[in-house]
Amino acid sequence: FGAAGAADGVADDVLAPFVQFTLGDARVRTTSKVGSAPQWNETLKLPLPHAVRGAGAELREYAAKSTMVYCSVFDEVLVAAPGGAEGGGLGAVGAGSAASL
């Protein structure tokens, strides 16, 4: 990042990153923030699969399995929907990379 806070010549106000966490079929995400150095300060609740909600042996058995929580960082991009003014609009599309924790 340069002195102006831009990465690779992209203006700082063009970036709108957000973070998404995935566990099985459950996904949660932060709000998107403008800029190259976002601070979310958000609390997210990722629901545990039904099998984990029990206690004791069930929980130990689930924890012993290879369970991954994925943390992905995306840059939100608004794109025009096809159809022009009638039925068209803007939609959010995420593009980014993922890392396992």
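Trainee: Let's start with N41: buried or exposed?

Mentor: N41 counts as exposed, at 74% relative accessibility. Buried is under 20% relative accessible area, exposed is over 50%, and partly exposed is in between, with a 1.4 Å probe and protein chains only. Keep in mind that this is a predicted model, where local features need pLDDT of at least 70, side-chain atom pairs count only at pLDDT 80 or more, and totals for chains, interfaces and linings use all residues. Residues are numbered from 1 along each chain as its sequence is written, and side-chain values use heavy atoms, with hydrogens and water left out.

Trainee: Okay, and where is N41 found?

Mentor: N41 is in the loop between β2 and α1 (57-64). Its phi is near 50 degrees, a positive value in a residue other than glycine.

Trainee: What is the mean pLDDT of the chain?

Mentor: The mean is 72, and 50% of the residues reach 70 or more. pLDDT is the predictor's confidence in each residue, from 0 to 100. Over residues 1-6 pLDDT stays under 50, and the model has eight contacts for that stretch beyond four places in sequence. Contact means heavy atoms within 4.5 Å.

Trainee: Which strands does β1 pair with?

Mentor: β1 pairs with β3 in the antiparallel sense over six bridges, and four bridges join β1 to β2, again antiparallel. Two strands pair if DSSP finds at least two bridges between them. On the β3 side, F18 stands opposite F74. On the β2 side, F21 stands opposite V28 and L23 stands opposite A26.

Trainee: What's in the turn between β1 and β2?

Mentor: The two strands form a hairpin with two residues between them, and G24 in that turn has a positive phi of about 65 degrees.

Trainee: Which residues of β2 are on its covered face?

Mentor: A26 and V28 are on the covered face, while R27 and R29 are on the uncovered one.

Trainee: How many salt bridges does the structure hold?

Mentor: The structure holds one, between the side chains of E76 and R29 at 3.4 Å, N to O. The pair links distant parts of the chain, with E76 in strand β3 (residues 70-80) and R29 in strand β2 (residues 26-29), 47 residues apart. A salt bridge here is a side-chain nitrogen of Lys or Arg within 4 Å of a carboxyl oxygen of Asp or Glu. R29 is partly exposed, with a relative accessible area of 35%.

Trainee: Why can side chains like that pair?

Mentor: Side chains of opposite charge can pair when their charged atoms come close.

Trainee: Back to β1, then. What is P17 in contact with?

Mentor: Leaving aside neighbours within four places in sequence, P17 is in contact with residues including T31, G35, W40 and F74. P17 counts as buried at 12% relative accessibility. The C-alpha atoms of P17 and E76 are separated by 5.8 Å, though the two are 59 residues apart along the chain.

Trainee: And T30, buried or exposed?

Mentor: T30 counts as buried, at 6% relative accessibility, and lies in the loop between β2 and α1. A polar contact of 3.1 Å joins the side chains of T30 and W40. That term means a pair of N or O atoms within 3.5 Å; within protein, one must be able to donate a hydrogen and the other to accept it, and residues adjacent in sequence count only if both atoms are side-chain atoms.

Trainee: One last thing, how much of the chain is buried?

Mentor: Buried residues make up 21% of the 101 residues.
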